[in-house]
Amino acid sequence: MSSATTNAIRVHKRPKVGLLFIAPFAVLFLFVLVIPICYSAYISLFQNKLIGGNAFVGLDNYIKLFNDPQFYDGAIRVVVFTAIQVPIMLLSAIALALAIDSLRLHGTKFFRVVVFLPYAIPAIVSTLMWGFMLGIRYGLIGSLNEAAGTSFDPFAPETTMISIGVMATWGFTGYNMLIFYAALRAVPRELYEAAAIDGANEFHIVRYIKLPALRGSLVVTIIFSIIGTFQLFNEPNILATLVSNSGITSYYTPNLYAYNLAFTGSQQGYAAALAIVMALFTIAIAYVVQIKGMKNVLNK
Amino acid sequence: MKKRVLAAAVATVATLVALTGCTGSSDAPSGAGVPTDKPITLKVWSWDGTVKEAVPGFEKLYPNITVDVINAGSSTDEYTALDNAIQAGSGVPDIAMFEYFSLPLFAIPGKLTDLSEFGAEDIASDYVDAAWGNVTIDGKPYALPSDYGPAALFYNQAVLTEAGVTAPPATWDEFYEAAKKVRALGGDHYITNDSADIFLLLSLIWEGGGRPFKVDGSNVTIDFTDEGTTRAVEFWQKMLDEDLVNTKVTGWSDDWNRGLNEGTIATQIIGSWFTSTLPERAPDAAGDFRIAPLPQWEAGETSGSENGGSAMAIPADAKNKEAAYAFLEYFTHGDGLQSRIDAGAFVPNLSNLDDEKFLGTTNEFFGDQKYNEVLAEASKNVATGWQYPPFFGWARTSYEDVSAPLYNSGKGTLADVLETWKQRSIEYGNEQGFTVK
């Protein structure tokens, strides 16, 4: 009974000091996260007409969105993209992390930095670079086509998405590799010795020690990657001006569509509705991945 | 010590003000209603770099006015910023720049000042008719034209000669024949490129008398089946069908620069402003390019159209409208105009288009041709009566979407594309509160 009373007093006293400590974070969180999100949700209920001004339209924007073939076109494109690109990228990252961690390579520090380097290059710069490299007229592919007598076009409507996938994989594999590598470094080295004494070979060590150790970071990288690819924007936006007939439309990805709705069509309310729906969709998927991933970790 | 320095500074400034005030007052324009007693700062949003050239002269005339020229972004970026400022009710500039096609978007919902209250009509006769038509919406002037882009034919004489075309094509039939000869040079040689450039297509329609958009207040009619439109669309369809136009090169891209530079793109049907950027895009073609009038639909005609150009307007919420108009008039028509022309502005003022010095301008890049003679003529020939729908900024992006299948893989026809575009525009326009048919 008496301990309950002291607890109550503590609870009563704590908030005042505690609030001060969390204030910097809370203010930032409120202004850069909570308020913008609430504001988006709010304006998604309005339609601002060029003639007639702003009017409350309820859920009209959402109803319109769910009947908008252009939205589905973009949304399906990024989902398919994610389903293919993310596994390729993460498997490469794991392979690279294992290779570096194997301690059998020379110059691993150099190698690590080089693989990570593309992540440090802004997407705008790297897209321009890849655009020139993959361009069929004067780029690397152009020269290869000329030499081989082929006419492969990396920026035809059917292949543009693959080229973007190559760019994204190049840009983010190093980043994911570092996360995996850090997880591997956290494994106590004694475990490997113990395994070796028990007669495990390198393959067994990878299979039974290293891969399970990566599970937690795998969940994190999958979630990051899904969020990242769902927000695909820079690459198609720049490529559209760089190459012609690439098939990139103003609604090529949901983010590009939201941007064009808001800034060329001045349909901010509709764009906000799209952003909210995509955010909810992303959160739902990330949540499923997390629950599934964590359950597996716990079951082990 | 501090005080003395300050006093000295004040004295100097006062003398300067008195001096400039003196020289200024002698030839100050009538400037009805411009306050001269209180200090005013004019905020001008312009991505046209020549506007600032006119500032020193103006500030001399009006010592109490300071002009602050800001580049608030080009085109859509500026319009978005302006719309935001208008909605927020603060930070609205006194003068803002608009492409001609974007004026109705702001004028029709009442976001711009009707300049007839300042007597803008009085100077209408200084501008070519079509340029004045661009700034006149529902019979009222909402802006003053500040630069102009009459469409012309920029051609690489060396390449055309090599192909056996001795004179620049004067009609579209000749253009078609020339296109075949250029194509016969083989490889990647094309007479021109087009990757869904709506302004190119519209300039052909405009020249031939097609008027697909009719705007009356918030009522908009779209019709791509009138005679002039159909003729232009069918012609361009023929060019596309017979592979006479390079559809793989998009304007403003690196490929485009290279094509112009090495001569595989022989001509451009484009606005007069191209004179300022072509030399740096195609340095190796120096001396080869010339400028000719737009080919005509019938031999002997002298019709023309625009591809680009812009105007300056005073937002309805601007704070210093009288002073703003005084400056606006000064740099688009008055004594400030020449400083902008000297800095490279191409303006639709007849006073300039008839000016001997302007007409005599040459450039080694264009083989010392007196190209302004051609462009001045092209400016005067621009056909009148053209209108853009108020939501053209949106429609232009939409056109790229709907025309993509045609340009990507030859699916459908240009006429189909325009029909789809019309349907989308009707849907969008009506949603935005216009009545579109």
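**Exercise 1. Find what the buried residues of α10(A) pack against.**

Solution. The buried residues of α10(A) pack against α5 (123-134), α7 (160-185) and α11 (254-263) of chain A. Contact here means heavy atoms within 4.5 Å. Helices are DSSP runs (H or I, at least four residues), numbered from the N terminus. Next, name the residues. Helix α10 covers residues 234-242 of chain A, and its buried residues are A:E235, A:P236, A:I238, A:L239 and A:L242. Buried means under 20% relative accessible area, exposed means over 50%, and partly exposed lies in between (1.4 Å probe, protein chains only).

The model is predicted: local features need pLDDT of at least 70, side-chain atom pairs count only at pLDDT 80 or more, and totals for chains, interfaces and linings use all residues. Residues are numbered from 1 along each chain as its sequence is written, chains are lettered from A and ligands numbered from 1 in the order in which they are written, and side-chain values use heavy atoms, with hydrogens and water left out.

**Exercise 2. Check the span of helix α9 of chain B.**

Solution. Take the 15 residues of α9(B), residues 227-241. The expected span is 1.5 Å times one less than the number of residues. That gives 21 Å, and the end C-alpha atoms are 21 Å apart, so the two agree. Now look at burial. Among the buried residues of this helix are B:F235, B:W236 and B:L240. After α9(B) comes B:D243, with a positive phi near 55 degrees.

**Exercise 3. Locate the salt bridge between A:E202 and A:R104, and state how exposed each partner is.**

Solution. A salt bridge is a side-chain nitrogen of Lys or Arg within 4 Å of a carboxyl oxygen of Asp or Glu. The N to O distance for A:E202 and A:R104 is 3.3 Å. A:E202 is in helix α9 (residues 202-230) of chain A, while A:R104 is in the loop between α3 (69-101) and α4 (108-120), 98 residues apart. A:E202 is partly exposed because its relative accessibility is 31%. A:R104 is exposed because its relative accessible area is 61%.

**Exercise 4. Decide whether B:D83 and B:K111 are buried or exposed.**

Solution. First, the bond: B:D83 and B:K111 form a salt bridge, with closest N and O atoms 3.0 Å apart. B:D83 is in helix α3 (residues 76-88) of chain B, and B:K111 is in the loop between α4 (103-107) and α5 (129-135). Both B:D83 and B:K111 are buried. Over all chains, the count is 13 salt bridges.

Methods:
Helices (H or I, at least four residues) and strands (E, at least two) are DSSP runs, numbered from the N terminus.
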